[in-house]
Amino acid sequence: MVGTHEHHFTSELALNDAAPGVFLLWSAAMMSAMTIPVDKLLNLDRMRVELLPYDDRLERRELDQIQWLVVHCTELPDMAGARQLGEKILYPDSRTGNSGHFYVDRDGSIFQWVSLDRVAHHVSGFNRPSIGVELVNRGRFPNWWDTTSQQMTQPYPEEQVEAFLGLLDALCAALPGLGFIAGHEDLDRRMVTSTDNPNARVQRKMDPGPLFPWDLVLQRTRLRRNIPQDQPGPPAAQI
Ligand SMILES: [Zn+2]
């Protein structure tokens, strides 16, 4: 009780007696303390923040709205190709495109391309409550929807999986509302006509695919894998 009273007393004194300049400095420090956490709260040694040019044009959201983490793979050979695709403007009205929030390379380096308080376009119908994490992996590249390339054969290296788990830990610590994890393939079950046979249909999304180590990941995180039944098929305007 004494401590509480003392603290209260000190705060009042600081507010009443500080010169206006000091108060302004204090306000500025508080303001940056309030805005910094969005990206600095993760505090990962191996993460580089390289926001996409349209980050600030993406819809804003509150951090406590985030409940899902969606696992993707890029289905491209490397990070440079993924960045090129991420920067591409696909929605002329907002001048934004499709991308995840985070990208994890095969060697374990992590990049953040979209702020957590921005809604990224990475999964049709689930963008607002989710974080998109992309692992670099060829997937079905380059003939994604050919009937002959419907196997995901490239493994996820240990370094990449460990970095992904580290990112997961940091996100779980920073975002208490985050409770579920799902693969893109769990959330988008639509089929499309294949590109090499007009009579055949293939899965629109297969990432992260059968080689993603779900058992290990679910042992190491508090997040629960949640595969919604009865997926509504939103219009194919977004990924
Ligand atoms: Zn995906």
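In this predicted model, V104 is in contact with I110, V133, L135, V136, Q160, A163, F164 and L167, leaving aside its neighbours within four places in sequence.

**The nonpolar core**

V104 is one of five residues, together with L69, V70, V133 and L167, that touch the most other members of the largest nonpolar core, a group of 38 residues.

In soluble globular proteins, nonpolar side chains tend to be buried together.

**The sheet**

An open sheet of seven strands runs in the order β1-β4-β3-β5-β2-β6-β9, and its pairing is mixed. At its edges are β1 (47–49) and β9 (224–225), each of which pairs on one side only. Strands of a sheet pair through backbone hydrogen bonds, either parallel or antiparallel. β3 and β4 run antiparallel and are joined by three bridges. Y103 stands opposite F111 in β4.

**Helix α5**

The helix α5 has 17 residues and reaches 24 Å from its first C-alpha to its last, close to the 24 Å expected at 1.5 Å a residue. Its buried residues are Q160, A163, F164, L167, L168 and L171. Because these residues cover an arc of only 145 degrees around the axis, they lie on the same side of α5. An α-helix has 3.6 residues a turn, so residues three or four places apart point the same way. On the other side of α5, E158 and A173 are exposed. The buried residues of the helix pack against β2, β3, β4 and β5.

**Helix α7 and residue V217**

V217 is found in helix α7, which comprises residues 214–220. Is V217 buried, exposed or partly exposed? A residue needs 20 or more C-beta neighbours within 10 Å to count as buried, and 12 or fewer to count as exposed. V217 has 18 such neighbours inside 10 Å and therefore counts as partly exposed. V217 and L168 are 49 residues apart in sequence, yet their C-alpha atoms are 9.3 Å apart in space. L168 itself is one of the buried residues of α5.

**The chain as a whole**

The chain contains seven helices and nine strands. Of its 239 residues, 29% are buried. Among contacts between residues at least 6 apart in sequence, 76% join residues at least 24 apart.

How values were computed: Residues numbered from 1 in each chain as written. Predicted model: local features only at pLDDT ≥ 70, side-chain atom pairs only at ≥ 80, totals over all residues. Core = buried A, V, L, I, M, F, W, Y, C linked by C-beta atoms within 7 Å. Contact = placed C-beta atoms within 7 Å. Pairing = 2+ DSSP bridges. Helix = DSSP H or I, 4+ residues; strand = E, 2+ residues; numbered from the N terminus. Expected span 1.5 Å × (residues − 1). Arc of directions from axis to C-beta.
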